[in-house]
Amino acid sequence: MIELKDKDIFDQFFKSDRYEGSECTFTNLYMWRKTYNITWTLVDDFLCVKATLNDATYVLPPFPRNKDGFFKVVDKLIDYIKEINIPFVMGGITEDLMAYMEKERPNMFNFTEDFDTHDYVYSAEDLVELKGRKYSRKRNHIKNFKKHYSDYEYFDMTEELVPSCIQSAIDWCEKKEKDFNDKRSLICERDALIEALKQFTYLGFKGGVIKVNDKVEAFTFGELLNEDTAVIHVEKGNRELNGIYPTINQDFCIRNWSEIKFINREEDLGLPGLKKAKESYYPVKFIKKYSATLKNEG
């Protein structure tokens, strides 16, 4: 399983090329490592990552230091998967990589579009400024929040604020449990949040915190994904405080991401409420992802 000491190795590979998928950060893989039983190895100087969720195992596309030898490593992964007697599935394949795989290995793979894992990508300028009619509701929510909670304070996340953020995550989970059927996935999400927060300094991401009456009521964190894109991994708040979500979203973007071009806010997991929330910010593009299986296995 992934450990903290592996961060330097992962960072080397993720920085060797331009990756746009939200899973291509060490923070993301580390915080979800227990839920997905994420393991890794090096094969011919490629970083290979395997995950298992609900007895379904898949590999991510091998991450190279250079472009040569991709299919040699894929063949070794296929052989390994056959040895442990499970179907070969590769997930997290972007459109460009899918086209490359089809061109170089025609008739070898079946590709399936994974709609629930498409990343929503926004103009950073849009999220910072919230200009125009399409964002009028967001501006109104923020205005009303600031009116009703005039004592609210925004802080950059620090090590000193982490314990309060962890308690906020626990509170968020307890409130969500009342009307959420999938208790197991909720607990997994809570634990992933806590895993990341506990390693705030080591993982090196940026975070934002909103306090109302000196209590943490919302927090968020993210990091650079590539040279012009940030990825926001987490955004949690007390929904009883109307407007707190658009407020922390804008505050965090203003203070951290006003100089970049895009912001990736990850996937909707097929959840209608999450899908509606992400669509309400008007993405400018999606990072579409596909999974691949072997044609000769089906």
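**Reading helix packing**

Modeller: Let's start here: Lys138, His141, Ile142, Phe145 and Lys146 in helix 6 meet Ile244, Pro246, Thr247 and Gln250 in helix 10 (contact: heavy atoms within 4.5 Å; helices: DSSP runs of H or I, at least four residues, numbered from the N terminus). This model is predicted: local features need pLDDT of at least 70 and side-chain atom pairs 80 or more, while totals for chains, interfaces and linings use all residues. Residues are numbered from 1 along each chain as its sequence is written, and side-chain values use heavy atoms, without hydrogens and water.

Colleague: At what angle do the axes of helix 6 and helix 10 cross?

Modeller: Two packed helices are described by the angle between their axes and the distance between the axes. Here helix 6 (residues 136-148) and helix 10 (residues 244-256) have axes that come within 8 Å and cross at roughly 100 degrees (lines fitted to C-alpha atoms over the stretch in contact; angles from 0 to 180 degrees between N-to-C directions). Helix 6 and helix 10 are therefore roughly perpendicular (65 to 115 degrees; over 145 is roughly antiparallel, under 35 roughly parallel, the rest oblique).

Colleague: And how do helix 7 and helix 8 pack?

Modeller: For helix 7 (residues 162-177) and helix 8 (residues 183-198), the angle is about 175 degrees, with the axes 10 Å apart. That makes the two helices roughly antiparallel. Helix 7 brings residues including Ile166, Trp172 and Lys176, and helix 8 brings residues including Leu186, Arg190 and Leu197.

Colleague: Which salt bridge does lysine 7 form?

Modeller: Lysine 7 pairs with aspartate 11, their closest N and O atoms being 2.6 Å apart (salt bridge: a side-chain nitrogen of Lys or Arg within 4 Å of a carboxyl oxygen of Asp or Glu). These residues lie four apart in helix 1 (residues 7-14), so about one helical turn separates lysine 7 from aspartate 11. By this rule the count comes to 22 salt bridges.
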